[in-house]
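Here's a quick briefing to read alongside the model. Have the sequence and the 3D view open while you go through it.

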Amino acid sequence: MEDGEYSKELDIAVRVVHLSCALCRRVQEGLLENGNAQVKAKDDDSPVTIADWSVQATVSWILSEYFGSKNVSIVAEEDVQTLSTPDSVGLLSAVVKTVNECLAEAPKYGLQSPARELGTWEILEAISRCNSTGGPTGRHWVLDPVDGTLGFVRGDQYAVALALIENGKVILGVLGCPNYPLKKECFHYHYKVSTPKLLLQPCSDTLEKGCVIYAKKSCNGAWMQPLVHGDKKLEWPNSASLIQVSSIDDPAHATFCEPVEKRNSNHSFTAGLAHSVGLRKQPLRVYSMVKYAAIARGDAEIFMKFARTGYREKIWDHAAGVIIVEAAGGVVTDAGGRPLDFSKGVYLEGLDRGIIVCSGPILHEKIIGAVYASWDSSNL
């Protein structure tokens, strides 16, 4: 365990994200084998699965056990409304089973298991406890249990994201990326093939996929750890290695990422911006906060997101990624060059046009300049 301020918080956060990644892998395997019968649609038509609720219950229970339920404020994406309806009895039962199976494995990750299996009401209560709205004061954990649920149900990229915010500032962040290839060439190959069958050829070994990346404000650098496989136990922080952003600062050689979904990202504006800056490579359209991981690991240099009018960015979609990229040497701002503000509650209020994440200041300055030059003619 690392010494210093927030060392216990980082220790528990890394361990519970590892545990959550194991849960997600099991659920995803089941979804791909048995179809999407246990995928529900939320009010905004985005999907939610038993993994979303199960991870949220697991993280909530663990944090409450180690820091006390009265001391833990959690801002998280899911609520119990859907689970509480009469036609969701089977879904709720699956969540209860998944959570208890997951918590039974907690000792493998250096965490405490409950003395007995948790009951349905205890699991619903754990999910319901994640009802904080954050704000400028106090300490708040920020959780996206399965970021990129659409990627998750399709067998693609997704992330478990946990951050700690204190008095409006991100203190630490942990990103679990269960499907992220450990080899850079495998990540790029995944997004260049033309048929799904080819995805399985060069980098299909489960042991070559999956990592947890983390950073803490008071500690230099960002760190990466491979996921635990089989009967092995988590050895943290011994198995962690330092990561850093790419040194590429020529747009012609830079790789940039953008969201897959068009409903909350303007691909046409991003394409025009990329052309004006001199980016020559085709964009990697990647689900979830894995885009932040790609920048931090040096697998890509730029991530741009310009949401369509009316879309509001939520803090759980960015908090963990921002501190990790910055700790790895990158730059994250809005399109006006200002730091993202996590002190306004659930949403990133006051965001200037979009979000720009770069491996370094040279690329960042070029993109900011291009935004100002291109904005008036955009169709956002």
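**Charges over rings**

Arg-353 lies over the face of Tyr-372, 4.3 Å from the ring centre. "Over" here is for CZ of Arg or NZ of Lys within 6 Å of the ring centre and within 35 degrees of the ring normal. Arg-312 sits likewise over the face of Tyr-347, at 3.8 Å from the ring centre.

Keep in mind that this is a predicted model, where local features need pLDDT of at least 70 and side-chain atom pairs count only at pLDDT 80 or more, while totals for chains, interfaces and linings use all residues. Residues are numbered from 1 along each chain as its sequence is written, and side-chain values use heavy atoms, with hydrogens and water left out.

- Helices (H or I, at least four residues) and strands (E, at least two) are DSSP runs, numbered from the N terminus.
- Eight of the nine residues of strand S4 (residues 139–147) are buried, so S4 is largely enclosed by the rest of the structure; buried means under 20% relative accessible area, exposed over 50% and partly exposed in between, with a 1.4 Å probe and protein chains only.
- Strand S3 (residues 74–76) runs parallel to S4, joined by three bridges, and Ala-76 stands opposite Leu-143. Pairing of two strands takes at least two DSSP bridges.
- S4 also pairs with strand S5 (residues 159–166), this time antiparallel and over seven bridges, with Trp-141 opposite Leu-164.

**The annotated binding site**

- UniProt, in an unreviewed entry, places a "binding site" at Glu-77, Asp-144, Asp-147 and Asp-317; such annotations may be inferred rather than shown by experiment.
- These positions are spread over 241 residues of sequence, yet they cluster in space, with a largest C-alpha distance of 9.4 Å.
- Asp-144 is in strand S4 and is buried at 0% relative accessibility. Beyond its neighbours within four places in sequence, its contacts (heavy atoms within 4.5 Å) include Glu-77, Trp-316 and Asp-317.
- Leaving aside neighbours within four places in sequence, Asp-147 touches Tyr-158, Ala-159, Ser-288, Met-289 and Asp-317.

**Aromatic pairs**

- The whole structure holds five aromatic pairs; Phe, Tyr and Trp rings (the six-membered one for Trp) pair if their centres lie within 6.5 Å, and planes under 30 degrees apart count as stacked, over 60 as edge-to-face and the rest as tilted.
- Phe-67 and Trp-141 make a tilted pair, because their ring centres are 6.0 Å apart and their planes are at 35 degrees. Phe-67 lies in helix H2 (residues 50–67) and Trp-141 in S4, so the pair ties together parts 74 residues apart in sequence.
- Tyr-214 and Trp-236 are edge-to-face, with centres 5.6 Å apart and planes at 70 degrees. Tyr-214 is in strand S7 (residues 209–216) and Trp-236 in the loop between strands S8 (222–226) and S9 (241–243), 22 residues apart.

**The five-stranded sheet**

- Five strands form an open, mixed sheet in the order S11-S10-S12-S14-S13. Strands S11 (284–285) and S13 (331–334) are at the edges with a single partner strand each, so one side of each has no neighbour in the sheet.
- Strands S10 (residues 256–258) and S12 (residues 302–305) pair in the parallel sense over two bridges, and Phe-256 has Ile-302 as its bridge partner in S12.
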